[in-house]
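Hello,

Here is the structure I promised to pass on. Please open it alongside these notes.

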Amino acid sequence: MPAVLAGALLAAAGAAGAQALGAAARASADGWVGREASQLLMQLRVDGGRVQIEEDDETLETRYTWRTVVPAYTEQVKVGGGEFLYMEPTGTSGQRAVYAPIIVEDVHHAEEHRCDITYIADRDGVVRRWQHRGPRCDIDIVGPDARRPNRSTPTASRVQGY
């Protein structure tokens, strides 16, 4: 029976798209529980559409979701050329190497979802629980009052970006 229950729990977690969090990320997320939601908005980046706020009129809860992604991009990749062909005379000064033209190809990379972390605040604006979804939440979740060394801005501004 315990094996069946464990299998069902693993299936449910996989269906939700969540991966198990490490102890540090879990502790960081738990650090927000019991705090005012306004602290979330003051310490985590909210510019550039980084936070989605939804209010539930039935439960009177508010959900604050931060989404981190690697934006879509295009890179040029060398696919051929550049090989040495021959030495060419340059007149009285000697010779110079001649190489095959370099051939590049554009490789398009789609946007990559890293993490969604949602903090749920009660009707009084106090964070009561959280949930996450994504393959890279371990490095994207930061706790309250996390600071960069020698700076006064939160670590979240470094990892909560695009």
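Below is what turned up, starting with the charge pairs.

Keep in mind that this is a predicted model.

Salt bridges first. A search of the whole structure gives 7 of them. Arg-114 pairs with Asp-140, with the closest N and O atoms 2.6 Å apart. That pair links distant parts of the chain: Arg-114 sits in strand 7 (residues 112–121) and Asp-140 in helix 4 (residues 137–140), 26 residues apart. Arg-114 is buried at 15% relative accessible area. Asp-140 is buried too, at 2%.

Next, Asp-116 and Arg-133. Their closest N and O atoms are also 2.6 Å apart. Asp-116 lies in strand 7 and Arg-133 in strand 8 (residues 127–133), so the bridge ties together parts 17 residues apart in sequence. Asp-116 is buried, with a relative accessible area of 9%, whereas Arg-133 is partly exposed at 34%.

Another bridge joins Arg-128 and Asp-122, at 2.7 Å from N to O. Arg-128 is partly exposed at 47% relative accessibility. Asp-122 is buried at 17%.

Now the surface. Glu-55, Asp-56, Asp-57 and Glu-58 form a negative patch. Of these, Asp-56 is in strand 1 (residues 51–56). Asp-56 counts as partly exposed because its relative accessibility is 32%.

One backbone point to check by eye. Leu-60 has a positive phi of about 60 degrees, although it is not a glycine. Leu-60 sits in the loop between strand 1 and strand 2 (61–70). At 40% relative accessibility, Leu-60 is partly exposed.

Best wishes

Terms used. Residues are numbered from 1 along each chain as its sequence is written. This is a predicted model: local features need pLDDT of at least 70, side-chain atom pairs count only at pLDDT 80 or more; totals for chains, interfaces and linings use all residues. Side-chain values use heavy atoms; hydrogens and water are left out. Patches are made of residues with over 30% relative accessible area and no salt bridge: like charges are joined within 9 Å, nonpolar side chains (Val, Leu, Ile, Met, Phe, Trp, Tyr) within 5 Å. Accessible areas come from the Shrake-Rupley method with a 1.4 Å probe; for residues, only the protein chains shown count as cover. A salt bridge is a side-chain nitrogen of Lys or Arg within 4 Å of a carboxyl oxygen of Asp or Glu. Lys and Arg count as positive and Asp and Glu as negative; His and the chain ends are not counted. The place of a charge is taken as NZ of Lys, CZ of Arg, CG of Asp or CD of Glu. Helices (H or I, at least four residues) and strands (E, at least two) are DSSP runs, numbered from the N terminus. Buried means under 20% relative accessible area, exposed over 50%, partly exposed in between (1.4 Å probe, protein chains only).
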